[in-house]
Structures are given as C-alpha cells and as structure tokens.
Amino acid sequence: MRHHQIWIAVAMTGALALTGCAHNVGSGKPSTVGAVAPVNSAATAGYNGEGVNGQDLNANGPIGGGNSGLTAAELAALPQQLRVHFGFNSESMDAHAQQIATQNAQFMVNHAHVKVRLEGNTDDRGTQEYNLALGERRAETVKQFLEAQGVNAARISTVSFGKDNPLCTTNDAECWAKNRRVDFVYSGGYNG
C-alpha cells in the first residue's frame, strides 16, 4: 500500500511539472539575445532605406505607430533613417543596421524627453507564432543596442507585429527584405 501511494505521488508531481512547461509566445520576459556583433548580410546591407525625407513620419507601417508629441526641434533633429533591416530568419544587426541604430541612439541621448517604441516586423513567410517571436527578438536586439549606447531602458518599449505590418506586399526577395525590419517610433513627453 505504501509503495502504491509513493507511485501516485510521483505520477502527480510529474503531471504538475508537465503543466508548467507550456510556453506562451510573446509573454513574460524576452529571451536574452546576447552581444550584437556585425553580420555580413548582403540582403540587409544592400537595402539602404529611404531616409526621413522619403518616409511618412506619421506612419512607419500600415498598422505601426507614428511619431507624435515631438517638438519642432526634435522633429528637425530626427535621424535620416527610422528603421533597420534584418537578414532572412535573423535577429542579428549587420554593420549598416548598427550605424542606423547608433544615429538613433545619439538622437535619444541628445533629446532626454523622447521615448521610442521599437516595432519588430518580419516578411510573410513562416507561421504567425514564429514571426511574432522573431519580430520580438529583432526589437529586443535593437533595444539592447540602444541601451549599450547609453539610452535608459525606461525610455524604450518594444512590440512585435510579426508579418502583419508589411511595407510591401509583392511576393519577391526585394519586398521581403523591406519587410524584415524594426521601425523606430518616437514620442515626446518622457519625464523619468
């Protein structure tokens, strides 16, 4: 009888342990991505973006946010590039992406009342769950890079749109490269 009770207790403990193993994508603390090292990505380095003059500052993507609450001086000082691009299936920033992120970090260091939301995006290949997680990892990579450049983490938030916020809907490599990105969406009024 005692052996039977021990076996039931072990079985129940195992069942409880298994119920704690469920994983909810996008909840909880994001995983650490480690140091950001330059990656030679022809697809990412080859896309230079349009610069601030070619972008609608109020809509970084169809469902992405727009820059708001910035003073005229802050708007005038915005970096020329408000997005970084990534290689296929990657959350690593190449040298070109790091250069853009550095310019955005410098803008934030120079404008202490500005906050940024980093919007992670992917191309339309892969499952919804995978792309939401990849978009989050991309946004977290950029966040860690900004923090390493001296930007207070309290001024940075992240969101992942996965594949639901495309800039381009053509089914080809050039379009996919445009959609694999993190957008910098600024707002004013940080008083931390």
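This is a predicted model: local features need pLDDT of at least 70, side-chain atom pairs count only at pLDDT 80 or more; totals for chains, interfaces and linings use all residues.
Select Phe107 and Tyr186 to begin: Phe107 is buried, and Tyr186 is buried too.

**Stop 1: the rings**

Keep those two residues on screen and show their side chains. Phe107 and Tyr186 make an edge-to-face aromatic pair, with 4.9 Å from centre to centre and 70° between the planes. Now colour the chain by secondary structure. Phe107 belongs to helix α4 (residues 95-110), while Tyr186 belongs to strand β4 (residues 181-187). The pair links distant parts of the chain, as its members are 79 residues apart.

Is the aromatic pair of Phe184 and Tyr186 stacked or edge-to-face? Look along the rings and you can tell: Phe184 and Tyr186 are stacked, 6.4 Å centre to centre, with 20° between the planes. The 20° angle counts as stacked because planes under 30 degrees apart fall in that class.

Is Phe184 buried or exposed? Phe184 has a relative accessible area of 0%, so this residue is buried. Tyr186 counts as buried as well, because its relative accessibility is 0%. With all three side chains in view, you are looking at a cluster: ring pairs link Phe107, Phe184 and Tyr186. The structure holds 2 aromatic pairs, and you have now visited Phe107 with Tyr186 and Phe184 with Tyr186.

**Stop 2: a charge over a ring**

Select Arg125 and Trp176. What sits over the ring of Trp176? There you find the charged end of Arg125, 3.7 Å from the ring centre.

**Stop 3: salt bridges**

How many salt bridges are there? The count comes to 7, and the next selections take you to some of them.

Start with Glu91 and Arg137, whose side chains meet in a salt bridge of 3.3 Å, N to O. Glu91 is in the loop between β1 (83-85) and α4, and Arg137 is in helix α5 (residues 128-148).

Move on to Arg117 and Glu119. Their side chains form a salt bridge at 2.6 Å, N to O.

**Stop 4: Arg180 and its surroundings**

Select Arg180, found in the loop between α6 and β4. Which residue forms a salt bridge with Arg180? The partner is Asp123, with the closest N and O atoms 3.3 Å apart.

Arg180 and Arg138 are 42 residues apart in sequence, and their C-alpha atoms are 9.1 Å apart in space.

**Last stop: a network**

Finish by selecting Arg83, Arg181 and Asp183. Salt bridges that share partners join these three residues into one network.

Definitions and conventions: Residues are numbered from 1 along each chain as its sequence is written. Side-chain values use heavy atoms; hydrogens and water are left out. Rings of Phe, Tyr and Trp (its six-membered ring) pair if their centres lie within 6.5 Å; planes under 30 degrees apart count as stacked, over 60 as edge-to-face and the rest as tilted. Helices (H or I, at least four residues) and strands (E, at least two) are DSSP runs, numbered from the N terminus. Buried means under 20% relative accessible area, exposed over 50%, partly exposed in between (1.4 Å probe, protein chains only). A charge sits over a ring if NZ of Lys or CZ of Arg is within 6 Å of the ring centre and within 35 degrees of the ring normal. A salt bridge is a side-chain nitrogen of Lys or Arg within 4 Å of a carboxyl oxygen of Asp or Glu.
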